[in-house]
Amino acid sequence: MPPPEVDLTVYPDDCDAFGHLNQASFLRLFERARWEMLARGPGMDVFSRNGAGAVVRKATVEYHASAYPGDVLRFHQALARLGRTSFTLRQTARRLRDDALVATGEFVIVCVGPEGRPTPVPEEFARFVAPSGVVAAPNDPGRLERIAVDGVSLAVDVRGSGPAILFVHGYPLDHRIWKPQLEALTGWRRIAPDLRGMGGSDAPAPAGAAYGMEVYARDLAALLDRLGVERAVLCAHSMGGYIAFEFLRRWRSRVRALVLVNTRAEADSPEGKRAREAAIALARTGGAAAIAESMLPKLLAPSAPAALRERVREIMAGNPVAGLVGAIGAMRDRPDSTPLLPTLGDLPTLVIAGSEDGIVSPASSRAMAAATPGARLVEIPGAAHLASLEAPEATTEALQTFLAGLR
Ligand code: MLT
């Protein structure tokens, strides 16, 4: 169970002379929400009965909107980091009636013993706030957070601070395709989830035959909410691009800029839809290993080094069948997004294509860039469908140049 959400009402005595919820009172509300979370979980005495006190060492609060007496605020608590003797909780407060983000807070809390020295975080508290643990991805030293959205728990790589970039991987992959960019793009808050059904995220059986692009898009919007991010640069690879288009149809104002990598706007042709049926059958009979085998020659150029081939195969082969089937069906059913492109004139857009891409032809990327007013196109020579890993420096450089223009 994730730490529960807590609703608190704003009272007149929380407000200043102008009737706004006062910034200092907010610290009390964040604290009250944390206590309430404990009361509904392991108990308010979870620290004291384990011989520890919990001391706030750092508090960072951002205020986004005003609140007034009578407003009910919903506080969401998420674990951002779990250390041996300290942990970081991120809290967001949204107004219930209009879902406006009112404030976000990040609190570094240290556990101290009776002599005032750091002491380990009580085990039962850690189990409560991180039921699945803060996990390490297989074969990846990076640390992932588990973040609950819309009934599923996503594995999310969150690094750095600054304006946010949301990295969305394609099929049948996970956040690790962005590793070079996650490492390089300092100065930005990099958020790279595993989509539901892939990587380390939960893979619920799809309701109906497929997940649907709107399901993934909703997960991403909820993830940004959980992290207290109102707007982000969307950087999306292939199927991630199909999701990005759906996200734009629903939450255009939350997208600061768009990067489309090895992706296209068209829907599947009838022949493409038939190929999806065959892929679903293959996933059901041969599992992720068979899908990995069939995808590998399409994702990477023949000249790709053996070590990269193995790494990508390993990423693909780890996916659960329910997630693969949910994704293939969602791609088959996706709408045509080409009518959206001419409406994106006010959105800084970068299109990255691979000259050897056999899934999304360079011609299709060129057409997509041409149909999007003001879009820039970078075509990477020698890269196929996985530019972020096949040509990490060129992909990162294209991103850096684009992002520098946004500052
Ligand atoms: C992907 O890389 O996300 C998929 O191969 C895209 C597709 O099959 O349309």
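This is a predicted model: local features need pLDDT of at least 70, side-chain atom pairs count only at pLDDT 80 or more; totals for chains, interfaces and linings use all residues.
The protein contains eleven helices and 13 strands. Its radius of gyration is 22 Å, close to the 22 Å that the globule rule gives for 407 residues, so the protein is as compact as a globular protein of that length. Taken along the principal axes, the box filled by the C-alpha atoms is roughly 65 × 45 × 40 Å.

Two places in the backbone were examined. Most residues other than glycine have a negative phi, and most peptide bonds are trans. Asp150 is not a glycine, yet this residue has a positive phi of about 45°. Asp150 is placed in the loop between strand S6 (145-149) and strand S7 (152-159). The peptide bond that leads from Tyr171 to Pro172 is cis, and its omega is near -10°. Pro172 belongs to the loop between strand S8 (164-168) and helix H3 (179-184).

Tyr171 also takes part in the ligand site, where a polar backbone atom of this residue is 2.8 Å from an oxygen atom of the ligand.

The ligand sits in the second largest pocket. Helix H5 (239-251) and helix H6 (270-299) are the elements that give two or more residues to the shell around the ligand. The residues around the ligand are Gly170, Tyr171, His237, Ser238, Met239, Tyr242, Arg264, Arg276, Met295, Met331, Ile359 and His385. Sorted by class, this shell has six nonpolar, four polar and two charged residues.

Definitions and conventions
Residues are numbered from 1 along each chain as its sequence is written. Side-chain values use heavy atoms; hydrogens and water are left out. A residue is near a molecule or strand if one of its heavy atoms lies within 4 Å of it. A polar contact is a pair of N or O atoms within 3.5 Å; within protein, one must be able to donate a hydrogen and the other to accept it, and residues adjacent in sequence count only if both atoms are side-chain atoms. On a 1 Å grid over the protein atoms alone, a cavity is a set of points where a 1.4 Å probe fits but cannot get out, and a pocket is an open set with protein on both sides within 12 Å along at least five of seven lines; lining residues have an atom within 4 Å of a point. A molecule sits in a cavity or pocket if more than half of its atoms lie within 2 Å of its grid points. Helices (H or I, at least four residues) and strands (E, at least two) are DSSP runs, numbered from the N terminus. Ala, Val, Leu, Ile, Met, Phe, Trp, Tyr, Cys and Pro count as nonpolar, Asp, Glu, Lys and Arg as charged, and the others, Gly among them, as polar. The radius of gyration is taken over C-alpha atoms; the globule rule is 2.2 Å times the number of residues to the power 0.38.
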